[in-house]
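Hello,

Here is the structure I promised to pass on to you. Please have a look at it first, and then read my notes below.

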Amino acid sequence: MIIHPSIILLTLLGGAISVARLEKLDWDYIVYTQHWPNAFCQHNKCWTTKYNGKFGIHGLWPSKYGHVRPTKCPRAPKFNVTKLMSIYDNLIQSWPDLKHKDPTGFWTHEWTKHGRCAIELQKMSTELAYFNVSMAIRDYIGLDQIFKRNGIVPDTSKSYNTSEVSKMLTKELTVRLDLKCWSRKRSKVAQLAEVRTCFSPQLSLIDCEVDSEKNYRKSSIGPCPERFILYN
């Protein structure tokens, strides 16, 4: 019997999701973003390379369809890193700040900007729950294992077909993911920057929205072109 990945996630999170604490959510779905540290540190000054070789969490972002950011979410409680002490060691490995040794500033930013919307869900109604769910999703997706299993390895001398990689990810997870690359204006060859996976408010996998280049004209990353490399 084939068990759908979303069922596995619900099991990891302790059963069925009570969708909302409020009568109406101020967002439609979740974008879960993991970035590739090796490439990130080619375009940014990083304090360490010890996280290279594994995807790291960039964020869990409640979003609105049409690439519109939610604006009416309640204000999140003030970030308090002491509330994360029970998961701190695992969190710093899964969700490091590549620019700063102390990740508190990065986590504060993500909680203040995106956690304020996530807290509308019962399963992410606290700071600890928000970061805990984020780590559970990372483990459940298993992006590092998927890439390795399908022969996609860090190698600057080898490029991968974006369409073929997208199809492979869809086959693995049953939904369409969103691949983002560093702009070729900043590098001669497109480098994979992020892989985005999308979820419903019930934390079931759903197709990510098809993106367009125009949404990224002023951004350093955007939709991947025909081919990309996985920087090593």
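Two strands pair if DSSP finds at least two bridges between them. Please keep in mind that this is a predicted model.

With that in hand, let me start at strand β5, residues 191–199. Its residue F199 has L205 in β6 as bridge partner. Strand β6 covers residues 205–206, and its antiparallel pairing with β5 rests on two bridges. Together β5 and β6 make a hairpin with five residues between them, and L203 in the turn has a positive phi of about 65 degrees.

Strand β1 (residues 29–35) runs antiparallel to β5, joined by six bridges, and here V31 is opposite C198. Strand β4 (residues 178–182) also pairs with β5 in the antiparallel sense, over five bridges; there C181 is opposite L192. As for cover, nine of the nine residues in β5 are buried.

Next, the charged pairs: how many salt bridges does a search of the whole structure find? The search gives four. One of them links E194 and R196, whose closest N and O atoms are 2.8 Å apart. E194 is buried at 6% relative accessible area, and R196 is buried at 12%.

Another joins E172 to R149, at 2.8 Å from N to O. E172 lies in helix α7 (residues 162–173) and R149 in helix α6 (residues 143–149), so this pair ties together parts that are 23 residues apart in sequence. E172 is partly exposed at 27%, whereas R149 is exposed at 54%.

Best wishes

How values were computed. Residues are numbered from 1 along each chain as its sequence is written. This is a predicted model: local features need pLDDT of at least 70, side-chain atom pairs count only at pLDDT 80 or more; totals for chains, interfaces and linings use all residues. Side-chain values use heavy atoms; hydrogens and water are left out. Buried means under 20% relative accessible area, exposed over 50%, partly exposed in between (1.4 Å probe, protein chains only). Helices (H or I, at least four residues) and strands (E, at least two) are DSSP runs, numbered from the N terminus. A salt bridge is a side-chain nitrogen of Lys or Arg within 4 Å of a carboxyl oxygen of Asp or Glu.
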